[in-house]
Amino acid sequence: MSKSVAPVDEVLPMGQLTALGLQHVLVMYAGAVAVPLIIGRALNLDSHEVSLLIAADLFACGIATIIQSMGATQWFGIKLPVIMGVSFAPVGPMLHIANSNPGHEGAQLLFGTIIAAGIITIIIAPWVSKLLRFFPPVVTGTIIAIIGITLMRVGINWIFGNPFGPTAPSVVDPNYTEWLNNIQAASGAPGSPLTAVPKGLSIVPTVPNPRYADLTGVGIAAAVLVSILLIAKFCKGFLANIAVLLGIVVGAVIATSMGIMNFDKVAKADWVDIVLPFHFGMPKFDFWMILTMTLVMIVILIESTGMFLALADMTGKEIKQKDLARGLRTDGLGTLIGGIFNTFPYSSFSQNVGLVAVTGVRSRYVCVASGVILLVLGLLPKLAALVESLPTVVLGGAGLVMFGMVTATGIRILGGVDFKDNRNNAMIVAISIGMGMIPVVAPKFLQWTPHAIHPLIESGILLTSLSAVVLNVFFNGAPHDTKAAVEAAKHAEA
């Protein structure tokens, strides 16, 4: 590599770009398809239209990722190794719209709201970028650490199963279910003296769920983890860089041989499906829904700021206010593109930040290659179905490595913070991490608060960011400009 080319701008050989790009896609794919599945079902769309949402999501993911990583004009693209994906932050407001207005009419209202919020985000992004001066190392290190800690929950759930749903730790005893069904049938019989069963009556899960923490799945995740560690330890160069990809391949082979991974969806999927804008009709707009979605987008921008600062530290690229403005403006552009192509708001995917840390590959063109792969997957449903067939337990083993590396990056940054002469810095980190752990430890902490505010404060990353910024200003004051913040960061690194 030429010394004149920064690592973040290095163009790798095509074969390496493809393999490294595919590695990023496999890591983000499960999260990418989750939101279309959730919202599509809430809109009561048929299976074909839900598949269309997934294809549109992958297609728009690819466009947004290419713009963000490569850059487009002087206005868009932070030019860092960023993978753009559907954010989970607006799922609450989107579910409200979908449940209140199912069908195509709800889709038109939903995508109109997303389009309007994307346009507003593009306009306000430069103003949000001015907050960069409030992110010295004590703040950024704390935020990056909590990003990794929060993501650990995702990786662990990939291995053992989600706390709710078919893989919950406990399920209803079948004997109780049979008893309740018999009582309902008897009370509904003509002339029955039994009182009708109250509407909505349910039985609390009482027996262990055999699908939760299944030892077979745990074993596959362990095999993936061990494979990644062995490859990283004993292989050199390019093979070491794709340790996560090779570990996932090992897990997929094991899962297939054990009958856990099947290819039924691949057989049923079409070869080609063109993604067209406004499939569900022309968008509709509602002021209050747009306002709510815009507030959620501000939350996304704050979270994206933390991701960008993490990547800047990993790649060694200095981020200035104008760079941050381009990155945040692209979040808005990606959201606008998403609304046009029948999909959802976009932000940088935190899962992939960990992959940059694990591989040490800092080239943004790897993520450009990922964007191209996502575009192809969006147009070729059969290939998309092949990736979708990958069991989450396979991703879980890789998740422990990647998300732990994000936390380690935050700890490394905090290692340059002055805790000896400024004990207030320890207070900032302690309280901020504690605030960020609230959604992890007590996920229902908002159950008695108005539902409308949930998307604004339910994110642990956001709680940490706000706490760290406010506490830092309270204890240490804030630099008067972005340059001062950058100089403080350099001093801390030194």
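Reply: Rings of Phe, Tyr and Trp (its six-membered ring) pair if their centres lie within 6.5 Å, and planes under 30 degrees apart count as stacked, those over 60 as edge-to-face and the rest as tilted. This is a predicted model, in which local features need pLDDT of at least 70 and side-chain atom pairs count only at pLDDT 80 or more, while totals for chains, interfaces and linings use all residues. Residues are numbered from 1 along each chain as its sequence is written, and side-chain values use heavy atoms, with hydrogens and water left out.

Searching the whole structure gives five aromatic pairs. In one of them, the ring centres of Phe474 and Phe475 are 5.0 Å apart and the planes stand at 75 degrees, so this pair is edge-to-face. To describe how covered a residue is, we call it buried under 20% relative accessible area, exposed over 50% and partly exposed in between (1.4 Å probe, protein chains only). Phe474 counts as exposed because its relative accessibility is 66%, whereas Phe475, at 27%, counts as partly exposed.

Elsewhere, Phe111, Phe280 and Phe344 form one aromatic cluster. One of these, Phe344, is touched by Thr335, which also touches Ile114, Gly118, Met297, Pro345 and Tyr346, not counting residues up to four places away in sequence; contact here means heavy atoms within 4.5 Å. Thr335 lies in helix α12 (residues 321-340), where helices (H or I, at least four residues) and strands (E, at least two) are DSSP runs, numbered from the N terminus. With a relative accessibility of 0%, Thr335 counts as buried. The side chain of Thr335 also reaches the backbone nitrogen of Tyr346 at 3.2 Å. Such a polar contact is a pair of N or O atoms within 3.5 Å; within protein, one must be able to donate a hydrogen and the other to accept it, and residues adjacent in sequence count only if both atoms are side-chain atoms.

A ring can also have a charge over it, which requires NZ of Lys or CZ of Arg to be within 6 Å of the ring centre and within 35 degrees of the ring normal. Here the charged end of Lys382 sits over the ring of Trp271, 5.0 Å from the centre of that ring.

Finally, helix α13 (residues 350-359) is mostly covered, with nine of its ten residues buried; among them are Val353, Leu355 and Val356. Just after α13 comes Gly360, with a positive phi of about 75 degrees.
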